[in-house]
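Visitor: I am new to this structure and would like to learn how to read its features. Could we take them one at a time?

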Amino acid sequence: MRFQDAAKDARAVVYAGIQADPLVARAATLLVDATTAERLLARAAMNGERTDPETWRRMFPALFGEDVDAGLRDHAGRVLAASLEVAERGEAARSQYRGALVEELTARLLAGRAGPDAPVRRERRVLFDGVRAEIHPYDVTVESSTNPEVYDCKWGARGINADVLNQLDDARAHAAEEDLKLTVAIVVFDSRSSCELRLDRATAEHAGTRLIALESFDELARGGK
Amino acid sequence: MTDREQPTPATAGEVVDRAAEAYSALAELAETIEDEWQYVTDLVDFYLPGIRSLAEPHPGAILPAAQVTAVDEAIAEIALVEDPHKAIDWLSTFPHVVGLALGGDVDGAGGERGPGGGAAGRPATGEDDDSPFGALRGFR
């Protein structure tokens with residue numbers, strides 16, 4: 001098994017520009033240190049119609065109420081500001097920004113525990129001997145020679161589909177044929193229950209695929225499960 | 001609700017009824033995506049009881065103004081949604097926003113068929129202990 005850079009088509013070149021936007025890095029930095037409630041705020045605001053911050057402050061008294069710790073309130077305010085910047089990019093662009101953000105957040109959390117012998121990379125394919133290469137690259141990979149990991153990132157549970165699940169499970173199975181344990185996971189910036197409802201109906205094999213949902217993003221930084 | 005006036009006092013039951021009604025209307029919009037009909041139905045079957053459970057055990061209790069405002073703002077937000085795809089995103093998100101505002105959990109009342117094949121949703125302890133309500137308990 002080996003990792004390889006994905007060929008860059010026109011879509012990838014455009015998307016790379018979004019991935020490199022400082023707004024993506026700033027929002028991801030804030031979300032690395034966020035509570036689950038702040039991540040819920042980010043999801044709601046980036047999905048939202050209104051971009052007036054006071055509206056969102058009123059909607060989340062658990063983060064902005066008068067009795068909330070000033071430090072948490074300030075951090076939540078910065079999460080909200082970045083989220084509304086994404087929302088203000090417009091309908092066409094914001095979905096790409098949201099996707100890029102989930103990938104960046106995933107990569108940063110993984111990088112917090114990965115050492116130099118397990119570099120965290122983006123947009124990589126996985127090649128197996130005698131197996132036709134997959135079309136779609138993995139969003140994030142941890143390229144350890146002994147405990148490699150591949151992650152597919154989604155903004156919402158609606159993004160969980162048979163193609164994604166099949167690709168992840170195929171990779172896991174092919175690695176096993178080479179006596180290698182490949183951790184495969186789908187990372188979704190959506191609630192665990194909504195993801196599990198989606199998975200319950202999925203006919204594609206996914207028993208060996210980890211789910212990282214909104215409530216459990218910090219697991220990425222801990223690893224091991 | 002978009003002005004900054006104090007909301008009319010409301011009971012937990014009244015606020016939750018408003019949220020449930022808005023959620024049902026959102027589901028009607030989302031159902032227009034035929035390919036997602038099953039998922040929309042699953043979301044509603046799971047979350048609508050969860051929303052309603054937020055009024056328990058004291059549906060007649062008068063809620064603090066901030067909680068009423070928070071839920072009414074969430075209702076106003078989803079009332080603006082016109083795109084059925086976005087409606088599906090909000091079917092997943094709105095219950096948790098309302099749950100956080102009211103200090104309750106919408107994941108535990110989805111009937112016998114909880115997601116993940118469990119009897120009632122999430123595990124009682126462990127990885128999902130960092131629910132949105134963890135913020136209220138002060139941990140990150």
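This is a predicted model: local features need pLDDT of at least 70, side-chain atom pairs count only at pLDDT 80 or more; totals for chains, interfaces and linings use all residues.

Visitor: Which residues of α2(A) are buried?

Guide: Val24(A), Ala27(A), Ala28(A), Leu30(A) and Leu31(A) are the buried residues in α2(A). They fall within an arc of 160° when seen down the axis of α2(A), so they line one face of the helix.

Visitor: Why do residues three or four places apart in a helix point the same way?

Guide: An α-helix has 3.6 residues a turn, so residues spaced three or four places apart point the same way.

Visitor: How are two packed helices described?

Guide: By the angle between their axes and the distance between the axes. Here, the axes of α2 (residues 22-32) and α6 (residues 70-87) of chain A come within 10 Å and cross at roughly 145°. The crossing in which α2(A) passes α6(A) is left-handed.

Visitor: Which residues of α2(A) and α6(A) meet?

Guide: From α2(A) come Leu23(A), Arg26(A), Ala27(A), Leu30(A) and Leu31(A). On the α6(A) side they meet Arg78(A), Val79(A), Ala82(A), Ser83(A), Glu85(A) and Val86(A). Sorted by class, this contact has 7 nonpolar, 1 polar and 3 charged residues.

Visitor: What tends to happen to nonpolar side chains?

Guide: In soluble globular proteins, they tend to be buried together. In this model the largest nonpolar core has 101 residues, of which Leu41(A) and Leu26(B) touch the most other members.

Visitor: What is Leu41(A) in contact with, leaving aside its neighbours within four places in sequence?

Guide: Leu41(A) is in contact with Trp56(A), Phe60(A), Leu63(A), Ala76(A), Val79(A), Leu80(A) and Ser83(A). Two of these, Val79(A) and Ser83(A), are also among the residues of α6(A) that meet α2(A).

Visitor: How many residues of chain A are in contact with chain B?

Guide: 36 residues of chain A are in contact with 40 residues of chain B. On the chain A side, the elements that give two or more residues are α3 (36-47), α4 (53-59), α5 (61-64) and α9 (192-201). The most come from α9(A), with 8 residues. By class, the side of chain A that touches chain B divides into 10 nonpolar, 11 polar and 15 charged residues.

Visitor: What is the secondary structure of chain B?

Guide: Chain B has 5 helices and 0 strands, and from the N terminus on its elements run α-α-α-α-α. Of the 140 residues in chain B, 46% are buried. Among its contacts between residues at least 6 apart in sequence, 80% join residues at least 24 apart.

Visitor: Where in chain B is there a cis peptide bond?

Guide: The cis peptide bond joins Glu56(B) and Pro57(B), with omega about 0°. Pro57(B) lies in the loop between α2 (37-53) and α3 (65-79) of chain B.

Visitor: What is phi of Glu123(A), and what is phi of Asp179(A)?

Guide: For Glu123(A), phi is near 50°, a positive value in a residue other than glycine. Glu123(A) lies in strand β2 (residues 120-127) of chain A. For Asp179(A), also a residue other than glycine, phi is positive and near 60°. Asp179(A) lies in the loop between α8 (162-177) and β5 (183-188) of chain A.

Visitor: Is Asp179(A) buried or exposed?

Guide: Asp179(A) counts as exposed, with 6 C-beta neighbours inside 10 Å. Glu123(A) is partly exposed, with 19 other C-beta atoms within 10 Å.

Terms used:
Residues are numbered from 1 along each chain as its sequence is written. Chains are lettered from A and ligands numbered from 1 in the order in which they are written. Two residues are in contact if their C-beta atoms, placed from the backbone, lie within 7 Å. Helices (H or I, at least four residues) and strands (E, at least two) are DSSP runs, numbered from the N terminus. Ala, Val, Leu, Ile, Met, Phe, Trp, Tyr, Cys and Pro count as nonpolar, Asp, Glu, Lys and Arg as charged, and the others, Gly among them, as polar. Axes are lines fitted to C-alpha atoms, for helices over the stretch in contact, and angles run from 0 to 180 degrees between N-to-C directions. A crossing is left-handed if the near helix is turned anticlockwise from the far one by less than a right angle, and right-handed if clockwise. A nonpolar core is a set of buried Ala, Val, Leu, Ile, Met, Phe, Trp, Tyr and Cys residues joined through C-beta atoms within 7 Å. A residue is buried if 20 or more other C-beta atoms lie within 10 Å of its own, exposed if 12 or fewer, and partly exposed in between; C-beta atoms are placed from the backbone. The arc is that of the directions from the helix axis to the C-beta atoms.
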